[in-house]
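Me: I'm new to reading structures like this one. Could you walk me through it, one feature at a time?

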Amino acid sequence: VSVSTSYLPPGLPRPVPEPDGLDAPYWEGTRRGELRVQRCRACRGWQWGPEWICHRCLAFDLEWVAVEPRGRIYSWERVWHPVHPALHGRGPYVVVLVELPHAGDVRMIGNLLGDPMQDVVIGAPVEAVFESHDDATQPFTLVHWRRRA
Amino acid sequence: VSVRTIRGRVAVVGVGETAYYKHGQAPESEVALALRAILRACDDAGLDPRQIDGFASYSNDRNDPSRLAAALGLPELRFSNMQWGGGGGGGSAAVGNAAAAIAAGYADCVVVFRALAQGQFQRFGTAPPAATVSGEPALTFPYGVISPAQRYAMRVTRFMHDHGIRHEAQRAIALASYHHAQANPRAVMHGRPLTPEAYDASRWIVEPFRLFDCCMENDGAAALVLVSAERARDLKQRPAYLLGVAQGSEYRNAARGHNAPTYASASFTTVAPRLYAMAGLGPKDVDVVQSYENFTGGVLMSLIEHEFFAAEEANEFLTPENLIAPKGRLPLNTSGGNLAECYMHGLELQIEAVRQLRGESPNPVPDARVAMVISGPMVTPVSSMLLGSEDAL
């Protein structure tokens, strides 16, 4: 699923890959509508956020695997107080921490689309929504979430 | 049998602070504030400031020891230490690092200090002015997870969800701090009492934190002077002996993008047992607790991880009556702490622990012999420490 309207107003800091390239495959994946996570070729363990080494077996042999962009809500917050000028007057917005059971329970952060005053339920199933920013100087795509029936 | 412990070997012999100001209202430079607090701590100890030979701080304090030593005309600098990372989590660790230097013979008289004049620099609670972000912030900032409150709210929500903890538990922590501040003329919120009704009516910052669940931001400086236990006995004040200190965090606490395996935690689940083991004490031995409030939910988890009560008992235990000195079961943040005395990045909590042991607190706990300080919940590394009077040795 993808959208071209943005959940939060423009003007927040844009994500760019790290200078050493560690997370570049993640951000490239989002541009293609893929949710990529690191996986160790040696021990097959999942890893997120990205590191150069596998924390389980210490192999420097990680690959990037596109995983099914679904999960369940692990925790959440509703933000009211704006701490960035771009958010002034925006009103509340919802952030979710989503656990991916089919990828070693790694967790991803994004916004929960829909009514900002909705009841947010820990454990509820969600699916990813890719939000493209094609007009940015360096185009990027964010990964949000929405409730799944 | 030799036991590796700092217990009883080093003491805090002097404490001092500047006036505490609302953020941006300091009348002088941050480094001048630091120097004043250090001189006041030396005066309190009855020590010539030229006897200082080391400094320890945390959270990348901007006032580096070489400059302070030059400004103070110190004959020699022997120890210069910065505790990595962790924001306010380094407060007790800095005391531990200073004490370790004294016990190891690196230095004889070490000052622990923290100075903040946020009007002169970036505030903690606002977004840094950046057009792009990379690394860990790239995973959170574009989604509006920027400030500390936004970074830690989800840990607290998950913990409260797992254990059925109600908002009233957070409220009790805020009310206790504000209550204690009313007896403390140093407190920024002195003369500004907080009622349960005002708490309940206050705006959300980020759920589950209301305005009064969040620390202030302030300007000021605070300092403590440490020397060996032998030397402490010859000085002016009743020494506050370090009984134990521990720092660190759990397995992969810093896994990026909120992937800490022990997520719903204040980060003390491994630190607290080490603290008690080093001190040879348990939670029942502690007379008074100063617990760093970045957010009340972090205090709640800190107290549970230091085993003062179980998570399932939190709703019942966390009431204002239980937390208020002198009669509460667990007097908490008896100077007003980060919520109501001053956000001196937590170092005001160490000073208050010392004053409790001397009987000089604005809200004294009768016959307090053992005082705990818990620094910086939810960050990594965190730290906590136990101080004791002569009777506790």
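Me: With which residue does Asp134(A) form a salt bridge?

Reply: A salt bridge is a side-chain nitrogen of Lys or Arg within 4 Å of a carboxyl oxygen of Asp or Glu. Here Asp134(A) pairs with Arg31(A), and their closest N and O atoms are 3.0 Å apart. The two lie 103 residues apart: Asp134(A) in the loop between β9 and β10 of chain A, Arg31(A) in helix α1 of chain A. A word on the basis: this is a predicted model, where local features need pLDDT of at least 70 and side-chain atom pairs pLDDT 80 or more, while totals for chains, interfaces and linings use all residues. Residues are numbered from 1 along each chain as its sequence is written, chains are lettered from A and ligands numbered from 1 in the order in which they are written, and side-chain values use heavy atoms, without hydrogens and water.

Me: Are Arg78(A) and Glu207(B) buried or exposed?

Reply: Buried means under 20% relative accessible area, exposed over 50%, and partly exposed in between (1.4 Å probe, protein chains only). Both Arg78(A) and Glu207(B) are buried. Their side chains meet in a salt bridge of 2.7 Å, N to O. By contrast, Arg31(A) is partly exposed at 35%.

Me: What is the strand order in the open sheet of three strands?

Reply: Strands (E, at least two residues) and helices (H or I, at least four) are DSSP runs, numbered from the N terminus; two strands pair if DSSP finds at least two bridges between them. The order here is β4-β3-β5 (chain A), with antiparallel pairing. β4 and β5 of chain A each have a single partner strand, so one side of each lacks a neighbour in the sheet. Six bridges join β3(A) to β5(A).
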